[in-house]
Amino acid sequence: MEKNLKSHGTWIGKWTFVLAATGSAVGLGNIWGFPYKAGDEGGGAFVLIYFLCILLIGLPIMVSEILIGRRSGTSPINAMKIAAIDSNRSPAWQLVGWTGIIAGVLILSFYSVIAGLCLNYIFISAASSGVIEAQTQFENATQSWQGLLFWHSVFMILTLLVVSAGIKNGIERMVKILMPMLGFLLVFMVMYAMLNGAFNKALSFLFSPDFSKVNTDTFLSALGQAFFSLSLGMGSIMAYGAYMPKKQDIGSTSVSVASLDTLVAILAGLAIFPILFSFYDGFSIDETLVQLKENGLGPGIVFVSLASAFNDMQYGQFIGPIFFILLSVAALSSSISILEPGVAFLSEERILSRKKSAIVISALSWIIGIGSVLSFNLWSNVKIIGDKNFLDSMDLIAVQNLQPLGGMLIAIFIGWFMKESLIKDELGSINPIVYKIWRFFIKLVAPIGVGCILISQLF
Ligand code: PFF
């Protein structure tokens with residue numbers, strides 16, 4: 001007997017799903033992660049592999065997640081369970097929803113710490129006099145665990161407030177404000193970079209592939225980035241899909257979300273790299289990369305390299321805060337989607353009210369996040385997995401393993417175990433050729449591609 005689950009309702013506006021799912025997808029992963037990985041992994045070649053991962057693996061899985069979510073209108077755990085039972089399969093498929101929730105709690109724990117740092121940088125970059133070096137600013141901001149913890153708490157409370165207000169009054173209302181703001185700020189930053197930065201150098205860096213730098217790690221990194229960036233494999237998109245009206249077309253909506261997400265990643269690269277290349281004026285692209293690597297090209301790309309460019313340039317005290325507001329807005333529209341699947345489950349099962357569910361899950365993430373706060377300072381030498389500190393270990397477990405694993409299981413379920421008639425009901429009048437292509441990718445390409453990359457990690 002199926003339980004009577006509490007209904008969450010559907011999005012009101014026609015475009016709300018696209019706005020909310022794009023809000024989920026576009027975040028720190030695009031504006032901070034994509035540029036630093038592209039820089040680290042050799043530019044154009046990484047970008048090309050990343051595009052392929054989005055198109056061949058990410059997009060087919062996104063369609064699957066939305067489809068399963070919308071069919072039942074429930075949280076990912078129940079959505080997987082209902083799809084499995086209706087296909088005469090074991091309800092144990094709901095485990096995919098559970099691993100998603102665990103991944104979500106872990107991701108939110110460190111996402112909030114980095115997003116908190118972005119909030120802090122709005123003020124740091126506004127107050128910067130150019131006298132203190134960016135490296136010192138970064139050390140000052142991260143050496144104090146009290147400061148990091150404060151901003152981590154502020155960001156978590158913001159996330160909690162939006163999610164606890166509900167689908168319509170919280171998430172829908174918020175993305176309608178945040179997304180246009182994000183678009184405006186990003187276009188402003190790109191125009192600024194175009195007019196004042198080394199734009200051509202950035203273009204050739206991002207779009208002329210040098211395959212000599214490609215190795216198996218490049219594929220792993222590009223795939224991980226694609227999953228993270230599209231918010232796949234952990235239920236966020238499935239949860240948002242649950243609130244999508246039945247008449248909306250899943251295929252074209254997924255294409256819109258994936259394209260917007262990719263566009264924002266590229267635009268973020270085109271906002272950041274021209275400023276960095278012009279800061280190292282007179283150096284070639286490769287020489288600049290060497291300089292940047294010394295500065296911490298990795299995660300430090302925005303907090304150290306870009307921040308030092310802001311410190312040095314005219315109007316930096318104005319452009320810097322705009323950039324960090326952009327990052328914070330993008331992070332908030334993502335973090336609410338990370339919290340939603342768990343909250344939807346607890347509240348639809350009537351275990352707790354929506355408010356209490358949001359408090360409990362965000363408190364859990366907040367507590368785990370303290371480990372990531374400390375990994376910048378008191379625990380900087382504490383290794384959790386291999387030589388990785390706490391924050392990197394959470395990333396390794398949740399982003400590099402649980403997300404691809406969740407995505408692969410969803411692909412296997414829908415490709416091999418879910419009744420095809422149920423799938424067709426949900427996809428509506430899809431073009432038969434498009435359907436066949438999607439089916440091929442979801443049955444074979446996605447599971448094999450993700451499986452190979454996951455296995456290659458073990459060696
Ligand atoms: N897609 C977000 C980003 O690129 O920053 C992060 C994210 C959101 C990951 C939601 C996972 C998720 F479920």
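Me: Where does serine 231 lie in this predicted model, and why is serine 231 called buried?
Reply: Serine 231 sits in the loop between H10 and helix H11 (236-241). A residue is buried if 20 or more other C-beta atoms lie within 10 Å of its own; serine 231 has 32 such atoms, and is therefore buried.

Me: What makes the phi of serine 231 worth noting?
Reply: Its phi is near 60°, a positive value in a residue other than glycine. Most residues other than glycine have a negative phi.

Me: Which residues are closest to the ligand, and what makes up its shell by class?
Reply: The closest are Gly27, Gly29, Ser231, Ser236 and Ser334, out of 15 residues that surround the ligand. By class, the shell holds nine polar, six nonpolar and no charged residues. Helices H1 (16-25), H2 (28-40), H10 (216-229) and H15 (316-348) each supply at least two residues of this shell.

Me: Why is arginine 350 called exposed?
Reply: The cut-off for an exposed residue is 12 or fewer C-beta neighbours. Arginine 350 has 11 inside 10 Å, so arginine 350 counts as exposed. Arginine 350 is in the loop between H15 and H16, and has a positive phi of about 60° although it is not a glycine.

Me: Why does arginine 354 count as buried?
Reply: The limit for a buried residue is 20 or more, and arginine 354 has 20 C-beta neighbours inside 10 Å, so arginine 354 counts as buried. Arginine 354 belongs to helix H16 (residues 354-375).

Me: What does arginine 354 touch, leaving out residues up to four places away in sequence?
Reply: Arginine 354 touches Ser164, Gly166, Val343 and Ser347. Serine 164 is 190 residues apart from arginine 354 in sequence, yet their C-alpha atoms are 5.8 Å apart in space.

Me: Which residues have the most contacts inside the largest nonpolar core?
Reply: They are Met62, Leu276 and Leu327, in a core of 160 residues. The largest share of this core, 17 residues, comes from helix H5 (residues 95-127). Beyond its neighbours within four places in sequence, methionine 62 is in contact with Leu230, Leu232, Ile237, Ser254, Val257 and Ala258.

Me: How do you know that H5 is mostly covered, and what is its span from first C-alpha to last?
Reply: Of the 33 residues in H5, 26 are buried, and H5 is mostly covered. H5 reaches 48 Å from its first C-alpha to its last, close to the 48 Å expected at 1.5 Å a residue.

Me: Where is the kink in H5 centred?
Reply: The kink, of about 30°, is centred on asparagine 120.

Methods. Residues numbered from 1 in each chain as written. Predicted model: local features only at pLDDT ≥ 70, side-chain atom pairs only at ≥ 80, totals over all residues. Core = buried A, V, L, I, M, F, W, Y, C linked by C-beta atoms within 7 Å. Helix = DSSP H or I, 4+ residues; strand = E, 2+ residues; numbered from the N terminus. Contact = placed C-beta atoms within 7 Å. Near = placed C-beta within 6 Å. Nonpolar A, V, L, I, M, F, W, Y, C, P; charged D, E, K, R; others polar. Expected span 1.5 Å × (residues − 1). Bend = angle between axes of the 7 residues up to and from the residue.
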